[in-house]
Amino acid sequence: MDKIVVEGGGRLVGKIPISGAKNAALPLLAAALLPSGASTFKNVPALADVRTMAKLLRMLGWDADSGGKDHTLTIAPPTGKKKPKLEAPYDLVKTMRASVLVLGPLVARYGRARVSMPGGCAIGARPIDQHLKGLEAMGAKVTLAHGYVDVEAKRLKGASIMLDMPTVTGCENIMMAAALAKGRTVIENAAREPEVEELGLVLNKMGAKVKGAGTPIITIEGVDDLQPIEHSIMPDRIEAGTFAVGAAMTKGDVLLEGARPEHMDAIIAKLRTMGAVVTAEAGGLRVKGGDVIPADITTQPHPGFPTDMQAQFMVLACMARGQSVIKEMIFENRFMHVPELGRMGADIVITGRAAAIRGGKPLSGANVMATDLRASASLILAGLVAQGKTEVLRVYHLDRGYESIEKKLKAVGAKIKRAKDA
Ligand code: EPZ
C-alpha cells in the first residue's frame, strides 16, 4: 500500500489545475447506459472511483475505452450477439456506493436490474430507500433479497415524487429513470448540487426533457429514446475547495485553474470569514491566505456548506487563534479524522454532531491513518503546516477522489512525496 510523506512548513504559491468532478463523472458514466450509441466524455478525472465505474459498465457489457487519450472515456453499448448483463455484483458495489447509479438507467432502458445493496461505508449507513421509493412510485416492482435489490418494470411511468431528504444520487437515479419513462415525473425536495444540474444538462443533450435540475423541483417529460453525446465534465469544486484551504492555511497564494466560483459560494464565503482573500480571476479562483480567524460551520445540502469540505475546514480551524464549532448534519459518522488530527496535537472535542476546535497551537507531524476520502485529504493538509514529518497511511482512500494530489501540491511548493508503505 502507498503512503504520502509531507514535511511541514512553506507556503503554497502558484497555479493548480483542477480536474473534472468525480461526483459529476460517476452519474454521467451511468447515464451513458441510456442511449443506443457510444458517448464520449472529456476532462474525465483519473481516479480510482472512475475506474471502478468503468469496470462496472464493462461487467454490464458496455465498452469503456479511453481510446489512448488521457482524461477521455467512450462508453459504447453491447452490439450484435452481445447482450447487456443487468446485474451489479456485491464484490464491486461494496467498493463504491455510487455503483447504485446504474439502477435507474438499466430499469428505464431494459425493464429490470439487480444491484447489490451498497451497505454502509466508513462515514455512515447510507441507505438507498429514497432511490427505491422513487422507482416504486414510477411503477417498478422492488424486491430485496440476499443482499440484492431486484427492480422490474415493463415501462416506467411518470410520477410525482417527494424526497424525504435532498439525496444527490437518489435524485440522479430517479432523473435517469424518468428520462425514458412514459409521461411526466416531478421530483420535489430535489438535490440542488451542481453535479445534479450537470446531469440534467447532459440528459437534455441526449434528447431528454429535463427542467429545473439544480433547483428543488425537477420536471422530466419522458421520451422514447436518447441519443449518444460528447461532453466535457465540469471541474471538481471539492478538489478546488481542498486546495483553497491549503492556500489559506499556509498563507499562500494559489490560482485554482478551471475552478468555477459559482459552484463554490458557501466555500468561498467561509474562506473569507476565516481570513482568506478570494477573488475570481480569468481562468479560475485565486486564494490568498492571511491570519486565520475562527468560525462556526454547519454542513447542509447545496447551496449550504458541503459536507465534503467539513474535514478540510476543520484543519483550517486548527490554525485559527480561538474556538470554532463545526456541526456535521449530513452523515452520522464523518468525524473520523478527529482522532488522527488529535495525534498531531489538535485540540478537538466532539459532542454528538458538533466538534469544538480550539485552534492556535502548532500541529506536530505524526504517522496518521486515512479512514475515508475527505478525512485523508485533511490529514495531508495538516501535514503541510505541522512541525516535522507526517506520514499518511492507506492513501488508497485519497486516490478515490484526488488525481495526483502529491504532484499538484509539490508543483506549488509543498514538500511531499508518495512512498511504499512497508
Ligand atoms: C453524494 O453522496 C456524494 N457522492 C457524496 O460525496 C456527498 O458527500 C453526498 O452526496 C452529500 O453531498 C456522489 O455524488 C457520488 P446523499 P450520496 O444520498 O448521494 C441519506 C465524496 O466524498 N440518504 O445525498 O450517497 C444518507 O444516509 C462523497 O465525494 C437516505 O437516508 O449522499 C445521508 O445521510 C462522500 N436515504 C444523506 O441522506 C437515501 O435513499 C445524504 O446522502 C439516500 C440518502
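How many of the 10 residues of α1 are buried? In this predicted model, α1 is mostly covered, with 9 of its 10 residues buried.

## Reading the model

Residue numbers start from 1 along each chain as its sequence is written, and side-chain values rest on heavy atoms, with hydrogens and water left out. As the model is predicted, local features need pLDDT of at least 70 and side-chain atom pairs count only at pLDDT 80 or more, while totals for chains, interfaces and linings use all residues.

## Helix α1

Here are the buried residues of α1: K22, A24, A25, L26, P27, L28, L29, A30 and A31. Buried stands for under 20% relative accessible area, exposed for over 50%, and partly exposed for what lies in between (1.4 Å probe, protein chains only). Helices (H or I, at least four residues) and strands (E, at least two) are DSSP runs, numbered from the N terminus.

## Around the ligand

Let's turn to the ligand. It is surrounded by 23 residues, and the closest are R97, T167, T169, D308 and I330; a residue is near when one of its heavy atoms lies within 4 Å. This shell has 9 nonpolar, 6 polar and 8 charged residues. Ala, Val, Leu, Ile, Met, Phe, Trp, Tyr, Cys and Pro count as nonpolar, Asp, Glu, Lys and Arg as charged, and the others, Gly among them, as polar. Helices α1 (22–31), α5 (129–137), α6 (168–179) and α12 (373–385) each supply at least two shell residues, and α5 gives the most, with 3.

## Nonpolar cores

The largest nonpolar core holds 79 residues, of which V102, M175 and L203 touch the most other members. Such a core is a set of buried Ala, Val, Leu, Ile, Met, Phe, Trp, Tyr and Cys residues joined through side-chain atoms within 4.5 Å. Setting aside residues up to four places away in sequence, L203 touches A31, L34, M175, M176, A208, V210 and L226. A second, separate core has 69 residues, including I16, V245, A276 and A382.

## A buried asparagine

Helix α6 also contains N173, which is buried, with a relative accessible area of 0%. Beyond its neighbours within four places in sequence, N173 is in contact (heavy atoms within 4.5 Å) with V100, L101, L103, G104, P105 and H131.
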